[in-house]
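Biologist: I am new to this one, and I would like to know what stands behind each label you use. Could you show me the structure and then take my questions?

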Amino acid sequence: MYGKILNLKFANIEEAQLAATYFSEKIGSKISEFQIVGFNVFISQNGDLNVSIKFENSNSIKNFEIKYSEIIKGLRNSLVFKETVFLGVCAFTFEKEAALTEN
C-alpha cells in the first residue's frame with residue numbers, strides 16, 4: 001500500500017478546522033476516482049492538520065499526484081500554512097472494523 005501524508009501547520013485550530021473541511025470535501029468526494037483505500041484527517045488543538053491518504057498501487061498515487069497541485073491551490077489562496085509532504089510505502093497498518101453486536 002502506498003501513502004501520501006500531509007502535515008500542515010496553521011496559526012490556530014479554527015484555520016485547521018477549515019482546512020480539514022476543505023480536504024474532506026475535495027478528496028473525500030473523489031475516493032473512487034483516485035482509487036483511495038484509506039483516508040484520515042486529524043486536527044490538533046495547536047492548529048496542526050495531518051491528512052493521510054492510502055492507495056493500493058503506484059498508478060493510483062501517480063494519478064493523485066498529478067491532480068494534487070490543483071487541490072491544494074484553493075487552500076493556499078485562502079489560508080497561510082506551512083506544508084510538509086511525505087510519500088511512502090506502508091510498513092504496517094491496523095484498523096479495527098466496527099462491529100454490530102446484538103444480545
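**Labels and what stands behind them**

Modeller: Let us begin with Gln-35, which sits in the loop between α1 and β2 (36–43); helices (H or I, at least four residues) and strands (E, at least two) are DSSP runs, numbered from the N terminus. This is a predicted model, where local features need pLDDT of at least 70 and side-chain atom pairs count only at pLDDT 80 or more, while totals for chains, interfaces and linings use all residues. Residues are numbered from 1 along each chain as its sequence is written, and side-chain values use heavy atoms, with hydrogens and water left out.

Biologist: What makes Gln-35 count as partly exposed?

Modeller: Buried means under 20% relative accessible area, exposed means over 50%, and partly exposed is in between (1.4 Å probe, protein chains only). Gln-35 has 46% relative accessibility, so it counts as partly exposed. Gln-35 also has a positive phi of about 55°, although it is not a glycine.

Biologist: Why is Lys-54 called buried?

Modeller: Its relative accessible area is 14%, and therefore Lys-54 is buried. Lys-54 is found in strand β3. Among the residues it touches, leaving aside those up to four places away in sequence, are Met-1, Tyr-2, Gln-35, Val-37 and Glu-95; contact means heavy atoms within 4.5 Å.

Biologist: Is Ile-66 buried or exposed, and how do you know?

Modeller: Ile-66 has a relative accessible area of 64%, so it is exposed. Its place is in helix α2.

Biologist: And Phe-64, buried or exposed?

Modeller: Phe-64 is at 0% relative accessibility, so it counts as buried. Phe-64 is found in helix α2 too, and it touches Lys-4, Ile-27, Phe-34, Ile-53, Phe-55 and Ile-71, not counting residues up to four places away in sequence.

Biologist: Which residues touch the most other members of the largest nonpolar core?

Modeller: They are Leu-8, Phe-10, Phe-23, Leu-49, Phe-64 and Leu-75, in a core of 23 residues. The elements giving two or more residues to this core are β1 (2–9), α1 (13–28), β3 (48–55) and α2 (58–78). What makes it a nonpolar core is the definition: a set of buried Ala, Val, Leu, Ile, Met, Phe, Trp, Tyr and Cys residues joined through side-chain atoms within 4.5 Å. In soluble globular proteins, nonpolar side chains tend to be buried together.

Biologist: What does Phe-23 touch?

Modeller: Not counting residues up to four places away in sequence, its contacts include Leu-6, Leu-8, Phe-39, Leu-49, Val-51 and Ile-72.

Biologist: How do α1 and α2 meet?

Modeller: Their axes come within 11 Å and cross at roughly 140°. Axes here are lines fitted to C-alpha atoms, for helices over the stretch in contact, and angles run from 0 to 180 degrees between N-to-C directions. From α1, the contact is made by Ala-19, Tyr-22, Phe-23, Lys-26 and Ile-27, and from α2 by Phe-64, Ile-71, Ile-72, Gly-74 and Leu-75.

Biologist: Which elements does the protein chain have overall?

Modeller: The protein chain has two helices and four strands, running β-α-β-β-α-β from the N terminus on. Of its 103 residues, 29% are buried. The C-alpha atoms fill a box of roughly 45 × 40 × 25 Å, taken along the principal axes.
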